Amino acid sequence: MRLRKTKLSHQLLFLIGLAFTILFISMGVILPKMLIPVAEKNIYTYLSEPLKFVGDNRIDDSLLNTEIAYLYIVDDTMMTSENIQQVIHIKDTNKLLSYIKDDYGKFHYNHDTYYYYTITKDDITKVAISNDSYINETKETILSTIFPIVLSTCLLIGLLLVIWSSFIVKRIEKLKDKIDHIDNTDYNHNINFEIDDEIKSLALAIEDMRISLINQEEYRNQMYQNISHDFKTPLTVIKSYIEAVEDKVEDSNTALRVIKQQTEKLENKVHSLLYLNKLDYLKNTKNIENKLVDMTKIIQIEVDKFKFHRKEINFVVDVDKKSKYYGTMEHWETIFDNLLSNFMRYANTTIKITAKQNKIILYNDGEHIDDDFLEGIFTPFRKGIKGEFGLGLSIVKKTLNIMNYDITIKNEKKGVSFIIKRSS
């Protein structure tokens with residue numbers, strides 16, 4: 001379905017026009033009908049008051065007007081005022097009595113509406129009767145009074161809305177222009193909105209997004225450079241050994257051994273990069289089913305895997321079997337693989353793993369991590385303490401997040417602790 005493009009100002013003008021149409025319908029149709037009960041209540045008072053001054057024997061001509069006629073009924077004799085034919089269009093005045101049944105009321109005759117009010121005293125019935133001209137005049141008077149006020153008020157409100165909308169549209173156009181040039185560094189992105197409202201909040205959010213995009217672009221470029229550097233080093237070594245063998249300055253067996261080592265490094269880096277992308281996919285799909293795992297078994301497998309890498313390293317394990325940990329065996333093994341690989345490079349003599357109170361602490365007695373490195377230490381391909389680039393700690397962080405765990409790093413009096421616990 002194709003949507004029609006319409007400016008906000010045009011939409012507002014349409015709404016104002018629609019509001020005026022509804023107003024005119026209300027003033028011309030609904031309001032007059034609502035005024036009828038009020039006017040009818042007044043007309044009975046209007047009819048009753050003159051009857052108080054009408055004499056008991058005759059009708060005073062000075063009370064007559066073109067809107068009210070009077071009837072005297074004494075026994076079977078009826079007298080009428082001279083204006084009876086002007087007020088009501090009933091030639092047979094005797095027939096008129098058949099419509100007067102209550103003390104006051106109204107009746108319809110030949111599509112006309114008539115109102116009456118009666119007073120009976122000493123066997124004399126006085127009747128004041130009028131047509132609907134008083135009702136119509138009352139409605140016209142009220143409408144003629146209300147309509148100009150309402151119309152002028154609506155026009156003023158409409159004018160204020162048009163001015164306000166034009167002001168809002170200009171501010172929105174500034175935001176649109178900013179978004180259109182969001183990647184243009186030469187564009188002046190400063191927008192000074194004096195009014196602190198939702199539009200200003202939106203402008204600040206757009207500015208935060210623009211800065212975030214710039215930072216992401218810088219981070220992406222830096223990461224590409226780091227990846228290129230990290231991949232270039234083993235490739236350069238492989239190439240140099242191939243050339244050395246070709247120039248017969250290096251033994252082929254030695255070259256093959258070095259080339260194999262560098263190839264394995266490249267393979268591990270590619271595997272880590274693919275695994276990191278896999279973690280991003282798993283995080284977005286949110287289809288990970290975290291189950292209760294045997295942490296004692298996982299830690300024992302990992303210790304057995306690394307304890308012979310450096311024989312001078314002493315592993316200390318303290319596991320509380322009552323503590324519960326959730327996730328998958330594969331993810332926890334990946335976490336321990338990367339952390340212990342890191343520990344094997346920096347530990348002096350001791351690596352301690354403690355799993356108690358649903359929390360895991362991995363400690364090594366190596367050097368402290370400088371505060372400059374602690375910030376952003378889990379960022380992919382960030383240069384490490386000894387100048388290396390890697391993905392290990394980033395993989396640890398993202399894998400833990402998928403299982404609803406978090407990790408923090410703390411410099412102890414001697415050594416460093418990595419603390420893993422449930423996310424709050």
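This is a predicted model: local features need pLDDT of at least 70, side-chain atom pairs count only at pLDDT 80 or more; totals for chains, interfaces and linings use all residues.
Colleague: What span does helix H4 (residues 133-180) reach from its first C-alpha to its last, and what is expected at 1.5 Å a residue?

Modeller: H4 has 48 residues and reaches 66 Å. The expected span is 1.5 Å times one less than the number of residues. Residues are numbered from 1 along each chain as its sequence is written, and side-chain values use heavy atoms, without hydrogens or water.

Colleague: Which residues of H4 are called buried?

Modeller: Buried means under 20% relative accessible area, exposed over 50%, and partly exposed in between (1.4 Å probe, protein chains only). In H4 the buried residues include Tyr 134, Ile 135, Gly 158, Ile 168, Arg 171 and Lys 178. Over the 424 residues of the protein, 35% count as buried.

Colleague: How does the radius of gyration of the protein stand against that of a compact globule of 424 residues?

Modeller: The radius is taken over C-alpha atoms, and the globule rule is 2.2 Å times the number of residues to the power 0.38. A compact globule of 424 residues would come near 22 Å, but the protein has 48 Å. Along the principal axes, the C-alpha atoms fill a box of roughly 145 × 60 × 40 Å.

Colleague: What is the strand order in the sheet that holds S1, and how do its strands pair?

Modeller: Two strands pair if DSSP finds at least two bridges between them. The order is S2-S1-S5-S4-S3, an open sheet with antiparallel pairing. Strand S2 (77-80) and strand S3 (104-109) are the edges: each has a single partner strand, so one side of each is left without a neighbour in the sheet. Neighbouring strands are turned by 25° against each other on average, direction ignored. Seven bridges join strand S1 (residues 68-74) to strand S5 (residues 124-131). There, Ala 69 stands opposite Ile 129 in S5.

Colleague: What makes S7 and S13 edge strands in the other sheet?

Modeller: That open sheet runs S7-S9-S10-S14-S13, with mixed pairing. Strand S7 (314-319) and strand S13 (405-411) each pair on one side only. Neighbouring strands here are turned by 10° on average, direction ignored. S13 and strand S14 (residues 416-422) run antiparallel, joined by seven bridges. Ile 407 has Ile 420 in S14 as its bridge partner.

Colleague: Which helix lies across S7, S9, S10, S13 and S14, and at what angle to S10?

Modeller: Helix H8 (residues 329-346), at about 20° to S10. Axes are lines fitted to C-alpha atoms, for helices over the stretch in contact, and angles run from 0 to 180 degrees between N-to-C directions. Contact means heavy atoms within 4.5 Å.

Colleague: What is called a nonpolar core, and which members of the largest one touch the most others?

Modeller: A core is a set of buried Ala, Val, Leu, Ile, Met, Phe, Trp, Tyr and Cys residues joined through side-chain atoms within 4.5 Å. The largest has 35 residues; Met 295, Trp 332, Leu 362, Phe 418 and Ile 420 touch the most other members. H7, H8, S9, S10, helix H10 (392-402), S13 and S14 each give two or more residues to this core. H8 gives the most, with seven. Beyond four places in sequence, the contacts of Trp 332 include Met 295, Leu 400 and Ile 420. Another core, of 16 residues, lies apart; Ala 69, Ile 90, Tyr 116 and Ile 129 are among them.

Colleague: What phi does His 111 take, and is His 111 buried or exposed?

Modeller: Most residues other than glycine have a negative phi. His 111 has a positive phi of about 65° and is not a glycine. His 111 lies in the loop between S3 and strand S4 (112-121). Relative accessibility is 86%, so His 111 counts as exposed.

Colleague: Where is Lys 248, and what is its phi?

Modeller: Lys 248 sits in the loop between helix H5 (198-246) and helix H6 (252-285). Its phi is near 60°, a positive value. With a relative accessible area of 75%, Lys 248 is exposed.

Methods:
Helices (H or I, at least four residues) and strands (E, at least two) are DSSP runs, numbered from the N terminus.
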